[in-house]
Amino acid sequence: MTNPSIQNNPRPDRWLTIRSDGVVLVRSGKVELGQGVLTALAQIVAEELDVDPSRISMVPAGTDQSPDESYTAGSMSVPHSGGALRAVCARVRALFVAEAAARLGVPAESLRVSDGAIGAPDGPGTSYWELADAVALDREIPDAVAKAPADYRIVGQDLPRLDLPDKVAGRRRFLHDLRPHGMLFGRVVRPPSRSAVLMSVDEDAARRMPGVVAVVRDGSFLGVVAEREEDALRAQAALRSACAWEEEDSLPSERDLAAFLTSAPAEETVLADTRGDGGAVAHPVRARFTRPYLAHASIAPSCGLALWDGDRLSVWSHTQGIYKLHASICRSQRLAAEQVVVQHVEGAGCYGHNAADDAAYDAVLLARAVPDRPVQVVWTREDELTWGPLGPAMVVDVEVDVDPAGQVQRWQHDVWSNGHASRPGPPGAPLLAATHVASAETALPAGDPPLQNGGGSGRNAVPLYDLPGQLVRTHRLTTMPLRTSAMRALGAHLNVYAIESVVDELAVLAGIDPVEYRLRMLTDERARAVLQAAAERAGWGDGTPGLGIGFARYKNRGAYCAVVAEVEAETHVRVRRLTIAVDVGLVVSPDGVVNQIEGGALQALSWTTKEQVRFDARTVTSRTWEDYPILTFSEVPPVDVVLLDRPDDASLGAGEASVGPTAAAIGNALYAATGLRVRALPLTPENVVAAMDD
Amino acid sequence: MTAAEPVTLVVNGTEHEVVCDPDTPLLYVLRNDLGLVGAKFGCGLGLCGACNVLVDGHPVHSCDTPVWAVAGKQVTTVEGLGSDGRPHRLQETFVEEQALQCGYCTAGMLVTAAALLEREPDVDDAGVRRALDGNLCRCGSHNRIVRAVLGARPCGR
Ligand code: FES
Ligand code: FES
């Protein structure tokens, strides 16, 4: 696998500084999103350099010093950043050992490294710290062989997460908590609906309010800056009631979303075509699956902080891509790259392209009005749920022909969806406020990453099973009524749900146990192993009612995951237990992987059974936790995760692997419990009842 | 809106005087005037628990509690949970169980759970879930949080 992280940043000094005081500074371009990645990367560095993990200091990513590793997304942080750091550290270690050997006059092979001390047993020695100034890392250095996994002592262990002590003590760690000297509080008045235009606003009342420092208006972008947070909130409310907007209908009907998605203009892409002549058809299976728009619904609304100092701009953001945000800001503000620095600071859990970048740009626009004073913008809960990028609504149609012997002859899978990628960076994906200012930039409909990068709408649309006669297509909408972008697992959520539901149906048709049926169509040993492990751990086949299974290999080349769900359905769908088996290759932090797998599964459970963005003809109407409920403690079932150990296989990333299989397992368990195939998500009582009528 | 005036409040055992509109939500006074940023803004509507603090030992949403309402009462934030320079047992079990991913919900969970354990030291799994049902977590750390709370009971696990 090629690793863009190291290809783009070959020089070791981009990644590491070894200091004479015994500290190793590590700069990764990947950022902490609450997934524990910094700890995992620190483990890899400590392992490969042979230093105690306590010597490692992870430097938060900033465009002034970190390697450019694009976005922290797609479960690629440990594969890419970890892979790059492993390679860099192996080289650096070899360089230091060679220098030590030259100085000590002994062969390099005789030297051992132990917590940074370099020496031969019973012989003279030196250390990284002594040689720190003598070994130059500001150049490309030769490749070196990394350690064999069998020799790992730190990778594969559970190291305490570096960020937890601050977080349980309530120390200043989140962007929302920063209070740089002189900081002002900014708030934005968003348009009341998607295509609303600000005709006029009476700014006077707000300007006269106590503590108000500036009111900023640029086209339909409107905001306020104040000395105190409560002043800003009051002024925001006052401004909101002093606006005259021109509004019009621009959204499709929520009630007939599938009709809109399948009839809107779209670009077709064929992802797989292995059609042959086909034979006699005994059983056609035709099924339509849908999911609504979904919200990221992070517990913190997005936040941004910016400071203008003359023509220099500093921005602090919980973005997934500091360099991409940097590029967007430079373009929209017509600034040269060296005038802008974007620094990452942690925010609340990030599950894809949320409003972090938009909030950063709000802060840039508001701070421009108050030079030399940092401005922090925090979105309202309502804006977070309504104006943040959404996970796209989707329709999947599956058509299968089965011959009289029960063999699949033809498998067709069509996906209709808006694109799953409108991340900032390239033109055409402007930050939200840049679409509201007077010289507005136009947002193009979201795109889809190509299949070789995992795909977007079509992620996991091509089944991993040996199924002949496949035709798999995506229909990406070329119009975008509601802004959509990447959300955990992208299209894999509904694609896996659909494939696994139909496979289950075929197993029932054929009178074969669903696990056995899947195993017959899978040759990949690792795929079979997770299916068998999940089934065995869950007591599959021991007579427990309401069990369903779901399986996928994330992106068809990432982690393998199988889930067994136990479901009970009386007044509503209740998941009683999830049993998960996962193979992520080499495991860096076992409990970190389990935590990610659990988190992905519970989020998928929440999406699949409860969540649905509501909207009317003009705007999103699910604005609070009451209109957009998410899973609560009393609804969370026990989750049992079996981690299959594959130390000799590359690490595959864990953040998204359990999403599709969990959703699918719940759908199939609901069938096992009730005999109903519910194909419209979420699995609310209304959708279950509607499935009875079908 | 009322004019700014001096308001006295006792937080984590220390008396503070701040000058602000007495209707200001307690959350902003804690975070902006007293530098206690542990309690978080999540919704501002009393619907998520991220802002929870204890007032006379009971969890309240500091986002919709005006600061005047806590005059003469004891406010405890996550920063004040421990004693004698030692962390609260819950702060240890949360780390042991890795009972968080992003940690944004954590302070609210910790103070709510601390009040629960005071009230009901031998609470069971279902009782913990009931007590925390108003605290949202989007990262899916729920089961770990429940384990951490059970592990912090005086009887241990
Ligand atoms: S911020 Fe107070 S309950 Fe959500
Ligand atoms: S740990 Fe992220 S919201 Fe709970």
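Predicted model: local features only at pLDDT ≥ 70, side-chain atom pairs only at ≥ 80, totals over all residues.
Across the interface of chain B and chain A, 31 residue pairs are in polar contact, both partners being at pLDDT 80 or more.

**Where chain B meets chain A**

- Five elements of chain B, namely β2 (14–20), α1 (26–33), α2 (89–96), α3 (106–119) and α5 (142–151), each bring at least two residues to the side that touches chain A.
- Among the elements of chain B, α5(B) has the largest share of that side, with five residues.
- By class, the side of chain B that touches chain A holds 25 nonpolar, 14 polar and ten charged residues.
- In terms of contacts, 49 residues of chain B touch 63 residues of chain A.
- Putting chain B and chain A together buries about 4500 Å², and carbon and sulfur atoms give 56% of that area.
- Seven salt bridges are counted between chain B and chain A.
- One salt bridge to look up in the structure joins the side chains of R138(B) and E611(A), at 2.6 Å from N to O.

**The two domains of chain B**

- The area buried between domain 1 and domain 2 of chain B is about 1000 Å², with 62% of it from carbon and sulfur atoms.
- No salt bridges are found across this interface of domain 1 and domain 2 of chain B, the count being zero, while four residue pairs are in polar contact there (both at pLDDT 80 or more).

**A hairpin in chain B**

- β3(B) pairs with strand β4 (residues 58–61) of chain B in the antiparallel sense, over four bridges.
- Within this pairing, V53(B) has V60(B) in β4(B) as its bridge partner.
- β3(B) and β4(B) form a hairpin with two residues between them, and D56(B) in the turn has a positive phi of about 50°.

**Domain 1 and domain 3 of chain A**

- Chain A is divided into domain 1 (4–167), domain 2 (176–247 + 299–387) and domain 3 (390–420 + 455–692).
- The C-alpha centres of domain 1 and domain 3 of chain A are 38 Å apart.
- Contacts link 19 residues of domain 1 of chain A with 19 residues of domain 3 of chain A.
- About 1200 Å² is buried between domain 1 and domain 3 of chain A, 53% of it given by carbon and sulfur atoms.
- In domain 1 of chain A, S75(A), P149(A) and D158(A) lose the most area to domain 3 of chain A, together 35% of what that side buries.
- Between domain 1 and domain 3 of chain A the salt bridge count is zero, and four residue pairs are in polar contact (both at pLDDT 80 or more).
- α2 (37–49) and α3 (77–104) of chain A are the elements that give two or more residues to the side of domain 1 of chain A that touches domain 3 of chain A.

Definitions and conventions:
Residues numbered from 1 in each chain as written. Chains lettered and ligands numbered in written order. Heavy atoms only, no water. Buried area = accessible area lost by both parts, 1.4 Å probe. Salt bridge = Lys/Arg side-chain N within 4 Å of Asp/Glu carboxyl O. Polar contact = N/O pair within 3.5 Å; in protein donor to acceptor, adjacent residues only side chain to side chain. Contact = heavy atoms within 4.5 Å. Nonpolar A, V, L, I, M, F, W, Y, C, P; charged D, E, K, R; others polar. Pairing = 2+ DSSP bridges. Domains from an automatic or database assignment.
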